[in-house]
Amino acid sequence: MVEALPGRAENGMEVSPSSPKSPEAQSLTFFLVGPSTHYSCTHFLAFPLLPTLSSFLWKELLDSTFSWYHGALVFPLMPSQQDKEDEDEDEEPSGEKAKKKSPEEGNRPPSDLARHDVIKGLLATNLLPRLRYVLEVTCPGPSVVLDILAVLIRLARHSLESATRVLECPRLIETVVREFLPTSWSPIGIGPTPSLHKVPCAAAMKLLRVLASAGRNIASRLLSSFDLRSCLCRFIAEAPQELTLPPEEAEMLNTEAFRLWAVAASYGQGGDLYRELYPVLIGALQVIPKELSFQPPQPLSMQRIASLLTVLTQLTLAASSTTCKPSSDSAKASLLDTPSLVTWTQVSGLQPLVEPCLRQTLKLLPRPEMWSALGPVPTACLLFLDAYYQAWSRQPDLCPEDWLQDTERLSEELLLPLLSQPALGSLWDSLGRCSLLCNPQSCAPAPEALRSLVSLGCTGGCPPLSLAGSASPFPVLTSLLCLFNTLARIHKGLCGQLATVLAAPGLQNYFLQCLAPGAAPPLTAFSAWALRHEYHLQYLALILAQRAATLQPVPATSAALHHGVALALLSRLLPGSEHLAHELLLSCVFRLEFLPERAAGGPEAADFSDQLSLGSSRDPGCGRGVLLAQACQDLPSIRSCYLTHCSLAQPSLKASQALYRGELQQIPALLLPLPKEPLLPTDWPFLPLVHLYHQASDAPSGVPTADAVGTAMRALQWVLVLESWRPQALWAVPPAARLARLMCVFLVDSELFRETPIQGLVAALLARLCQPEVLQKLNLDCPLPGLASFPDLYANFLEHFEAVSFGDHLFGAVVLFPLQRRFSVNLRLTLFGEHVGALRALGLPLTQLPVSLECYTEPPEDNLALLQLYFRALVTSALRPHWCPVLYAVTVAHINSFIFSQDPKSSDEVKAARRSMLQKTWLLADEGLRQHLLHYKLPNSTLPEGFELYPQLPSLRQQYLQRLTSGMPQNGVLETEYSCYG
């Protein structure tokens, strides 16, 4: 590890000016590596690790986006379990891997832990007490102090467990607060600082902020046990220019103080500070217009202003949460702190001060260079107004007319004119270029990234035109949509006007790009962070579209596009977004207004398409159009089915709902769950069928018939809707996986597949799989998600077919489907070798075969073992034309092709088998079978036998037959020659 990490520091990552040759560095190296009577020491940790670890924080990215929509929430920076397993597979033999995984993690040596997770390896070396000793006793120079603080921040970012260990390390936080956040200090001038001890340090405040973000209990302990209220008051009460610190450090310290307060306020804590600092906050708001007028705006000042607005946003939400009724649930009540000390009266006067700031920033929108320099300020202004109107509408004692009139004023004076500005259109136009979904290469993982030390770095950093770049349109457009949604919710009369934003060509093109087929960006720490912000914009746009659709007609093209985006987003959402997934299922995915095909002749078009491709033999009364029309009527029941079977973990859902609804007293943490994979699997439309299959497998008595029929019917209806009208929603599900899910319907019990609604739906879906363009992509040999082996599933399917099918034609059609010539020969060997008894029940007529007969007869079979099984089934009458007309025609075709083949490249074994089979055919007592095998010409499913016959053998075949059978008797005289097949 020590060989790998310093290499990163030498290859362009940020490196502290500290040198291992300095006295402080030598002292630090001694306490980290050298012998000690106080701490257990390991040989693998060296001083160069400190600046290298500090470089992994990517502080510019996380800090500059703190004031975005839910920007304070971040994923843990820790490797996923899958990464560890993959690394084990790459590095260790299977035997050693088993030995490594058996011990408890706490008993594993630090070097082993560090191979999978550097942070856990470091914590196992007793690093925290050593760092505390260095800070407390050795008093190192500024560069070493900053590196240690950066490492502590990185440790706190790792996980709640790591943050808790940092908090609970004896005297560590006390030392940081005492030494680097004093409330009084000697003035510091401009220039190098000889020592940071007893001098306020922004990095120390940031450490406390990151710790507080890990959990509400940590934030509460920090505020109560370390007198942070005094620190916050001290560093917020004075303007940065009045602090006797270097200007940049003063700006950053003030900014971090605001951010720490914002984190505490996110939990409903720290509200008592608002009364004390109210005059300071009002004064700071009043000077914002002056600071915004500086040309160009100063980046640090913009971050400070945005952080101030973020604090006010959280305090305003706290004022709205005072009206919430306490929960009767004791478990939930244990999470609740005392009610917020901030009231609506105290925050109601903030909006007249913030709105002019927003107006001033929007004037710079036509000037891209000035707009980019504003950073997150416009975003923070919009999010404050969103929280303000949200809180105002929740006040039960106020007259609704007041806030309704004010929302109308804001819309008429500011928002609606903004929608007509060309500069705003340019922001929408740049969505696709800055999108990680549409342009995955914009944020490719750095090639030197260590899987065991997660970072937010990407190759080449973040260019301006990227999601996290300085010219990104995502933060301001997301906050604008957030405000529009709140206004549309509380004032339905504005919904139609505000929803015109959805018609922006740039947004429409962006949605189309998101639906285009292509490889999704790999799930890394950075992509998870970036995609989460991108998904916020998509979700807010969809919710606004849904609100508008309930009040006014929506153009068919827009409705279908929004529905496609909702389906794609649902399958992409990551942990922490459970509320968004739940709301999509409730409001967008199963909304009839988003299925314009229902009213635009979609069912009739489906029937017409099927008639063109399948012929007119199907009964129009049970065609796909009727099934689709019925599915549209049953959408409420379909939604209920999927809400049950796509249910998310309740604790995670409640935590996510608290975050997105602004229920501050119920937010457990600002640290999101680890993003191992999306919340729902890519094949989520099939989940009810999979659940039924597992319930039937686990329960000896099976699933109640009524429940099974209802669940299966709703799931099949929805899959048919997607297959017919939203095929892109199933692109990520291989056709083979869809076939396997359909087979689950037959495996649930012995009665479900006989139900008339189930029969019609399964037949329609099977017909979709039989389309030529789908058949080309159907591969039964590739690994399928959630399935160990398709051959094993097929063997189980055949066994079930023999036991319960009683010749059901639809069941038989599904059994026959994988037997096509293009699929694995093992499937055909399974039927003819192990389940030959099933042939008697495969009575599907040739006219009902969902694919052409040539799919089974071409190319000629070349597997000798299977050909011998075919011949045995025919001559022993296990396979008869009236029992199994399809496979009878197939086996006759392959046997005929084999016995008359004269390929000179064939092996001696094949030549001998061919000669023997032809001779035995000549000796058959069954004249009809003998005639079919010798005189077969070509397949023809319109004939009763399924094939045409030569009235007389072609001359070459006749000569070949005479040569091999010369002198042999005919018509079964030598029956003992093939009696072994009986």
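The model is predicted. Its largest nonpolar core holds 328 residues. Nine cavities of 30 Å³ or more are counted. Two cis peptide bonds, at Pro 296 and at Pro 859, are described below, along with positive phi values at Arg 171 and Lys 198.

**Helix 32**

- Helix 32 spans residues 556-572, 17 residues in total.
- From first C-alpha to last, helix 32 reaches 25 Å. At 1.5 Å a residue, 24 Å would be expected, and the two values are close.
- Is helix 32 largely enclosed or largely open? It is largely enclosed by the rest of the structure, because 14 of its 17 residues are buried.

**The largest nonpolar core**

- Which members of this core touch the most other members? They are Leu 222, Trp 261, Trp 684, Trp 718, Phe 817, Phe 832 and Leu 887.
- Helix 31, residues 525-549, gives the most to this core, with 17 residues.
- Nonpolar side chains tend to be buried together in soluble globular proteins.
- Trp 684 touches another of the listed core residues, Trp 718.
- Contacts of Trp 684 also include Leu 567, Leu 570 and Ser 571.

**Thr 407**

- Thr 407 sits in helix 25, which covers residues 400-419.
- Is Thr 407 buried or exposed? Its relative accessible area is 0%, so Thr 407 is buried; the cut-off is under 20%.
- A polar side-chain atom of Thr 407 lies 2.6 Å from the backbone oxygen of Leu 404.
- Residues three or four places apart on an α-helix point the same way, because there are 3.6 residues a turn.
- Beyond four places in sequence, Thr 407 touches Tyr 389, Leu 487, Ile 490, His 491 and Leu 494.
- Two of these partners, Leu 487 and Ile 490, have numbers within helix 28, residues 474-490.

**Cavities**

- The largest cavity holds about 60 Å³ of space.
- Its lining is made of Leu 362, Leu 365, Trp 371, Leu 382, Leu 418, Leu 424, Leu 427, Val 476, Leu 477 and Leu 480.
- Helix 26 (422-429) and helix 28 (474-490) each supply at least two lining residues.
- Which helix gives the most to this lining? Helix 28 does, with three residues.

**Cis peptide bonds**

- The bond from Gln 295 to Pro 296 is cis, with omega near -10°. Pro 296 is in the loop between helix 18 (288-292) and helix 19 (299-321).
- The bond from Glu 858 to Pro 859 is also cis. Here omega is near -5°. Pro 859 is in the loop between helix 46 (854-857) and helix 47 (864-875).

- Arg 171 has phi near 65°, a positive value in a residue other than glycine.
- Arg 171 belongs to the loop between helix 11 (160-168) and helix 12 (172-180). Its relative accessibility is 42%, so Arg 171 counts as partly exposed.
- Lys 198 also has a positive phi, near 65°.
- Where is Lys 198? It lies in the loop between helix 12 and helix 13 (202-213). At 43% relative accessibility, Lys 198 counts as partly exposed.

Methods:
Residues are numbered from 1 along each chain as its sequence is written. This is a predicted model: local features need pLDDT of at least 70, side-chain atom pairs count only at pLDDT 80 or more; totals for chains, interfaces and linings use all residues. Side-chain values use heavy atoms; hydrogens and water are left out. Helices (H or I, at least four residues) and strands (E, at least two) are DSSP runs, numbered from the N terminus. The expected span of a helix is 1.5 Å times one less than its number of residues. Buried means under 20% relative accessible area, exposed over 50%, partly exposed in between (1.4 Å probe, protein chains only). A nonpolar core is a set of buried Ala, Val, Leu, Ile, Met, Phe, Trp, Tyr and Cys residues joined through side-chain atoms within 4.5 Å. Contact means heavy atoms within 4.5 Å. A polar contact is a pair of N or O atoms within 3.5 Å; within protein, one must be able to donate a hydrogen and the other to accept it, and residues adjacent in sequence count only if both atoms are side-chain atoms. On a 1 Å grid over the protein atoms alone, a cavity is a set of points where a 1.4 Å probe fits but cannot get out, and a pocket is an open set with protein on both sides within 12 Å along at least five of seven lines; lining residues have an atom within 4 Å of a point. Grid points are joined across faces, edges and corners, and a volume is the space filled by probe spheres set on the points.
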